[in-house]
Amino acid sequence: MNTLKILVVDDDKLEQKVMLKSLAGQEVDVADDYRSALRKLNAGHYDICFFDLLLGKNDNYSGLKLIPAAVEKGAYPVVMSSCETEETINRAYALGCRDFYVKGNEDSNIAAVIARYLRGGAGSAQDIFSSGFITDDPSTRSMIIEALKYAPAALPILLLGPSGTGKTTLAKIIHDNSGRQGDFVAINCSAYSEDLLEAELFGYKKGAFTGAHDNRKGRLLQADKGTLFLDEIGAMSQSMQTKLLKAIEEKCFYPVGSDRPEYSDFRVISATLEDMQQLLAQKKLRFDFFQRVHGMTITLKPLEQRKCDVFPLINAFCKTGKRLAFDDDAKQYLLRHNWPGNTREVKRFVELVSAGGEGRITKETAHRHIKQVVSETQQPAGDFLTQQQYDFALKHGLNEALDRFAYEAIKRNLDENKGKKVRTRGDLKIATRLLYSMLRKYGGK
Amino acid sequence: MAGTTDIYHGLESKAASLKSAVRLLRDCPPEEKREMIALMREAAQDIQRYLAELEKILSA
């Protein structure tokens, strides 16, 4: 990062010192009052200007009057104040202020302001949706914009959604926009046995157990001043949850085999594809642990519910490889497909199609590759029943659910066969009577 | 004597600066630590002055 030129305008000597310390490494100018601040603004070029609102005794918000001058000079104006009334905040933003924070946590506030300045302020959401988290879906976009507002806070975030919906990607984006200087450290809790997970999270001392030949730093310590991303938290045992809860609350923990505590200032983002309420009801998840990790909850929709993202995702995955052209039939076919493996399935599909000889993709080519991807990413037999299907069966009875399932399969296959019933009978291996009875019952034919 | 709004603002402002300064103090080299402590003491005296003014208003 290049050095930034920064102007700090504050009449309080201690606050000036705090700002100079917090902005160490940047080129910082300081002004005590309105006049000298205006002089400096007119004479130099600044990337960021921090303004206190009241400059001196009996001052009438002269800090606000400096905002237009900073805007005119192309600087990024930031108000830092201890009087955050709604009126002053509105006035500051109306005058062109880009950021407003309450004094008292300069270390984290300043890091967050610089991170926002470097990514171009609020206008950068568009970049996130076109290259970070690719989505054109309005509700997903607004949810992510909302989440980004909380990125600089220490508030824990819980990400819910089926596998492949982008939970890890979103966690990384939140970290990148948090202004936290430490690393983004991810761990999949379902990939470890309880003992191994404890050693992985807390680290261990040499000789703590067979195979512990050296001291090893745990993920909690690696995430110091950064973000700890706990994926699949539902897979964690109750006793592990208790240990982690304590570490999250106290930011202090003991590595395995050590009697000396370690300290780490990490922010927690967790994720699961399971139903949290069910995990709580089944007592697989401790309520106190749940409370500690769900400060803000974001539920990501499966691709089936945001089909507008299918082609933007395909285009994004093509960017680094061969460009592809899709026939209209192929496009329709891909939009009808439900993409049960979500983004991961789209990525695999693009890899397969790109590896093939064709650059122009017909419906047949798409169908052939989709079949292969689905068989590769097929869920295990125990997961065949989706939660939605199960809920439907409970509400309407199993017979109605089976009929509904039969109709959906028939309708989709008919669409794929351009309405040719003979083909559908053959593909689904069903009698003509069943086909017609389902179409009568649900299709009104 | 300042009005109560100014006193409360002054108190908030000084307390906020003190809080931020405390966080930075631990990692300061000795010379800078002395300078920082002197500024913190001035801020603490300002807080004391504001509180005395507030007490006067309350007892008036």
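Which residues in α1(A) meet which residues in α2(B)? Let's work through that and two more exercises on this predicted model.

Before starting: in this predicted model, local features need pLDDT of at least 70, side-chain atom pairs count only at pLDDT 80 or more, and totals for chains, interfaces and linings use all residues. Residues are numbered from 1 along each chain as its sequence is written, chains are lettered from A and ligands numbered from 1 in the order in which they are written, and side-chain values use heavy atoms, with hydrogens and water left out.

**Exercise 1. Describe the contact of α1(A) with α2(B).**

Step 1. Find the helices (DSSP runs of H or I, at least four residues, numbered from the N terminus).

Step 2. List the contacts (heavy atoms within 4.5 Å). From α1(A) come Lys13(A), Leu14(A), Lys17(A) and Lys21(A), and they meet Glu32(B), Glu35(B), Met36(B), Leu39(B), Met40(B) and Ala43(B) of α2(B).

Step 3. Sort them by type. Five are nonpolar, none polar and five charged.

**Exercise 2. Work out the strand order of the open sheet in chain A.**

Step 1. Strands are DSSP runs of E, at least two residues, and two of them pair if DSSP finds at least two bridges between them. The order of the five strands is β2-β1-β3-β4-β5, with parallel pairing.

Step 2. Locate the edges: β2 (27–31) and β5 (99–102) each pair on one side only.

Step 3. Zoom in on one pair. β1 (residues 5–9) is joined to β2(A) by five bridges, and Leu7(A) has Asp29(A) as its bridge partner there.

Step 4. Place the helices. α1(A) lies across β1, β2, β3, β4 and β5 of chain A, while α2 of chain A (residues 34–43) lies across β1, β2 and β3.

**Exercise 3. Name the residues that touch the most other members of the largest nonpolar core.**

Step 1. Such a core joins buried Ala, Val, Leu, Ile, Met, Phe, Trp, Tyr and Cys residues through side-chain atoms within 4.5 Å; buried means under 20% relative accessible area (1.4 Å probe, protein chains only).

Step 2. Among its 30 residues, the answer is Leu201(A), Leu220(A), Leu230(A) and Leu244(A).

Step 3. Trace the source: α11(A) gives the most, with five residues.

Note on methods. Buried means under 20% relative accessible area, exposed over 50%, partly exposed in between (1.4 Å probe, protein chains only). Ala, Val, Leu, Ile, Met, Phe, Trp, Tyr, Cys and Pro count as nonpolar, Asp, Glu, Lys and Arg as charged, and the others, Gly among them, as polar. Axes are lines fitted to C-alpha atoms, for helices over the stretch in contact, and angles run from 0 to 180 degrees between N-to-C directions.
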